[in-house]
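This report walks through one protein chain, moving from its overall make-up to a few individual residues. Please keep the sequence and the model in view while reading.

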Amino acid sequence: MVADNGAARRPRQGRTLDLLVGRKLEYVWLGHAVVLGFSGGCQVLIEAVAHLDGPVGQADVEPGDDPSDVVATLLSDVVGAAVMRETGELEIIFTSGSRLSVDADAEAESWAVTGPDGLLIVCLAHGEIAVWGGA
């Protein structure tokens with residue numbers, strides 16, 4: 001996804017992603033990556049299997065040639081909380097009570113979050129988090 005051009009490596013501890021909180025899911029793009037577009041110019045790119053516990057029950061969302069569109073049930077929902085776990089897992093909890101989580105992959109990048117001011121957070125292999133730009 002990106003080269004290591006001076007990315008700040010952060011310790012593997014859980015921390016909140018406040019930049020997603022309060023943002024509405026405006027669009028979902030399905031393909032080799034699942035892209036969630038939020039109000040205010042934030043995006044979440046998912047390149048590994050995601051797990052949704054939502055309005056239609058539990059489902060896996062796997063990027064690829066024939067991805068599930070179940071994540072579209074979250075359209076217009078608002079993020080109530082978002083956190084990066086010590087293991088590299090990303091968890092997004094919506095105000096409806098739906099939860100979307102993405103596990104860290106042992107061999108590849110599994111997810112990324114982009115912010116409106118050039119911020120890029122990437123979960124590298126083995127759950128290591130790298131951050132570019134932003135404050």
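## About the model

The model is a predicted one, in which local features need pLDDT of at least 70 and side-chain atom pairs count only at pLDDT 80 or more, while totals for chains, interfaces and linings use all residues. Residues are numbered from 1 along each chain as its sequence is written, and side-chain values use heavy atoms, with hydrogens and water left out.

## Overall make-up

The protein has zero helices and 13 strands, where helices (H or I, at least four residues) and strands (E, at least two) are DSSP runs numbered from the N terminus. Of its 135 residues, 45% are buried; here buried means under 20% relative accessible area, exposed means over 50%, and partly exposed lies in between, with a 1.4 Å probe and protein chains only.

The accessible surface comes to about 6600 Å², and 47% of this surface belongs to carbon and sulfur atoms; the areas come from the Shrake-Rupley method with a 1.4 Å probe, and for residues only the protein chains shown count as cover. Among contacts between residues at least 6 apart in sequence, 48% join residues at least 24 apart, a contact being heavy atoms within 4.5 Å.

## The six-stranded sheet

Strands of a sheet pair through backbone hydrogen bonds, either parallel or antiparallel. In this model, six strands form an open sheet in the order β2-β8-β9-β10-β6-β7, with antiparallel pairing; two strands are said to pair if DSSP finds at least two bridges between them. The edge strands are β2 (15-16) and β7 (57-61), each of which pairs on one side only.

Within this sheet, strand β9 (residues 90-94) pairs with strand β10 (residues 99-102) in the antiparallel sense over four bridges, and L90 has V102 in β10 as its bridge partner. These two strands form a hairpin with four residues between them, and G97 in the turn has a positive phi of about 100°. Strand β10 is also joined by four bridges to strand β6 (residues 50-54), the two running antiparallel, with H51 standing opposite S101 in β10.

## The hairpin of β12 and β13

Strand β12 (residues 120-123) pairs with β13 in the antiparallel sense over four bridges, and C123 stands opposite I129 in β13. The two strands form a hairpin with five residues between them, where H126 in the turn has a positive phi of about 65°.

In a regular strand the side chains alternate between the two faces of the sheet. Which residues of strand β13 (residues 129-132) point one way, and which the other way? I129 and V131 point one way, A130 and W132 point the other way, and all are buried.

Side chains of opposite charge can pair when their charged atoms come close. A salt bridge is a side-chain nitrogen of Lys or Arg within 4 Å of a carboxyl oxygen of Asp or Glu, and by this rule the count comes to two. E91 forms a salt bridge with R85, with the closest N and O atoms 2.3 Å apart, and also a salt bridge with R99, with the closest N and O atoms 2.8 Å apart.

Is E91 buried or exposed? E91 counts as buried because its relative accessible area is 11%, whereas R85 is partly exposed at 36% relative accessibility and R99 is partly exposed at 37%.

## Two residues in their surroundings

Y27 is found in strand β3 (residues 25-29) and counts as partly exposed because its relative accessible area is 38%. Leaving aside neighbours within four places in sequence, Y27 is in contact with V35, L36, G37, Q43 and L75. The side chains of Y27 and Q43 are joined by a polar contact of 2.5 Å, a term for a pair of N or O atoms within 3.5 Å, where within protein one must be able to donate a hydrogen and the other to accept it, and residues adjacent in sequence count only if both atoms are side-chain atoms. The C-alpha atoms of Y27 and L74, which are 47 residues apart along the chain, are separated by 9.3 Å.

S110 lies in the loop between β10 and β11 (111-114), and S110 counts as buried because its relative accessibility is 0%. A polar atom of the S110 side chain lies 3.3 Å from the backbone oxygen of D103. Leaving aside neighbours within four places in sequence, the contacts of S110 include L45, I46, V102 and C123.
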